[in-house]
Amino acid sequence: MKIVHTLADLRLALTDSAHPAFVPTMGNLHAGHLDLVTRAKALGDCTVASIFVNRLQFAPHEDFDSYPRTLEADAEQLRAHGCDLVFAPSERELYPQPQTFKLLPDPALADILEGHFRPGFFTGVCTVVMKLFQAVFAGKAQGTAVFGQKDRQQLMVVRHMTEQFALPIRIVSGPTQRAADGLALSSRNVYLSASERAEAVQLSLALKALGQAVRASGSPALPDLLALEQQAMHALSARGWKPDYLTVRRQSDLLPPTPTERATGALVALGAARLGSTRLIDNLDI
Ligand code: AMP
């Protein structure tokens with residue numbers, strides 16, 4: 001496995017690859033990231049992972065500075081999982097000048113849910129993903145990039161971007177990897193104290209219960225969808241969480257389902273909530 005830090009070295013290392021398979025990450029890798037790498041191995045002729053904590057997708061009050069940076073341990077894990085090439089650029093390498101050109105995703109998808117609570121988040125994500133795609137796939141007739149369903153809305157935004165710019169890149173998704181108790185693995189789980197860690201699974205349990213309640217409420221639309229969502233948020237608040245949203249949406253576009261869709265449509269329960277100072281997100285198909 002090769003580790004490169006510059007765009008020039010990345011391109012050189014990819015000279016003989018016709019179809020790279022790429023997993024972008026912000027590092028502090030866990031079994032969720034590594035599952036994506038294992039998937040990527042079957043999808044291209046060179047498996048590439050990037051490790052870059054992207055300042056553009058953090059608001060000034062968020063955890064950019066404290067985000068865990070563990071390059072050596074990450075590289076070891078990537079090597080053990082058969083990754084061929086790691087791209088770990090410095091900020092100066094990826095953003096040699098302030099990145100004043102940015103990609104503006106469709107607000108209908110990017111300004112709801114995560115985008116509502118983290119304004120500009122998906123602009124930061126799209127801008128860095130486009131840059132990384134350019135770095136890895138430029139000059140290649142085709143490529144594959146693998147993203148986790150854990151970040152459901154991000155996966156959809158990236159798919160939309162790839163389609164609208166007609167990039168010759170296939171976007172493949174991997175299912176959310178969870179700890180034994182059901183907590184979705186996340187680099188941010190290291191922020192949790194022991195008691196918070198024990199509590200953290202309640203987010204996915206709340207989403208599961210909300211999903212079941214919405215299905216059971218069926219069609220016509222009684223009780224009100226919003227009332228069920230608010231109940232779920234109150235229940236988490238009573239346990240000491242600060243929820244941003246717990247909601248049930250259509251899988252196709254993340255908009256609220258119609259009464260008929262509530263009974264039979266393809267739905268997803270999504271949530272984001274703060275436990276202590278740690279913001280966790282999760283989602284479950286219904
Ligand atoms: P991040 O390092 O958090 O930016 O995540 C990099 C990639 O790993 C993204 O495509 C995430 O959706 C994915 N990912 C993060 N956590 C998980 C998980 N628990 N299971 C599967 N994929 C994940």
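A crossing of two helices is left-handed if the near helix is turned anticlockwise from the far one by less than a right angle, and right-handed if it is turned clockwise. The model shown here is predicted, so local features need pLDDT of at least 70 and side-chain atom pairs count only at pLDDT 80 or more, while totals for chains, interfaces and linings use all residues. Residues are numbered from 1 along each chain as its sequence is written, and side-chain values use heavy atoms, with hydrogens and water left out.

**View 1. Helices α7 and α8 cross in a right-handed way.** Helix α7 covers residues 121-137 and helix α8 covers residues 152-164, where helices (H or I, at least four residues) and strands (E, at least two) are DSSP runs numbered from the N terminus. The two helices pack at an angle of about 55°, with their axes 10 Å apart; axes are lines fitted to C-alpha atoms, for helices over the stretch in contact, and angles run from 0 to 180 degrees between N-to-C directions. α7 and α8 are therefore oblique to each other, given that angles under 35 degrees count as roughly parallel, over 145 as roughly antiparallel, 65 to 115 as roughly perpendicular and the rest as oblique. In contact, meaning heavy atoms within 4.5 Å, are F121, F122, V125, C126, V129, M130 and F133 of α7 with Q153, Q154, V157, V158, M161 and T162 of α8. The residues of this contact comprise 10 nonpolar, three polar and no charged (Ala, Val, Leu, Ile, Met, Phe, Trp, Tyr, Cys and Pro count as nonpolar, Asp, Glu, Lys and Arg as charged, and the others, Gly among them, as polar).

**View 2. Helices α10 and α11 are roughly antiparallel to each other.** The axes of helix α10 (residues 202-217) and helix α11 (residues 225-238) come within 10 Å and cross at roughly 155°, and the crossing of α10 and α11 is right-handed. On the α10 side the contact involves Q202, L203, A206, L210, A213, V214 and S217, which meet L225, L228, E229, A232 and L236 of α11. Sorted by class, the contact of α10 with α11 has nine nonpolar, two polar and one charged residues.

**View 3. S204 sits in helix α10.** At 8% relative accessibility, S204 counts as buried (buried means under 20% relative accessible area, exposed over 50%, partly exposed in between, with a 1.4 Å probe and protein chains only). Leaving aside residues up to four places away in sequence, S204 touches R178, G182, D282 and L284.

**View 4. R152 and D285 form a salt bridge.** The side chains of R152 and D285 meet at 2.8 Å, N to O, a salt bridge being a side-chain nitrogen of Lys or Arg within 4 Å of a carboxyl oxygen of Asp or Glu. R152 lies in helix α8 and D285 in strand β9 (residues 278-285), so the pair ties together parts that are 133 residues apart in sequence. R152 is buried, with a relative accessible area of 11%. A search of the whole structure finds 12 salt bridges.

View 5. D244 forms a salt bridge with R279, their closest N and O atoms being 2.8 Å apart. R279 is buried, its relative accessible area being 14%. In the salt bridge of R250 with E261, the closest N and O atoms are 3.3 Å apart. E261 counts as partly exposed, at 24% relative accessibility. Salt bridges that share partners join E114, D244 and R279 into one network.
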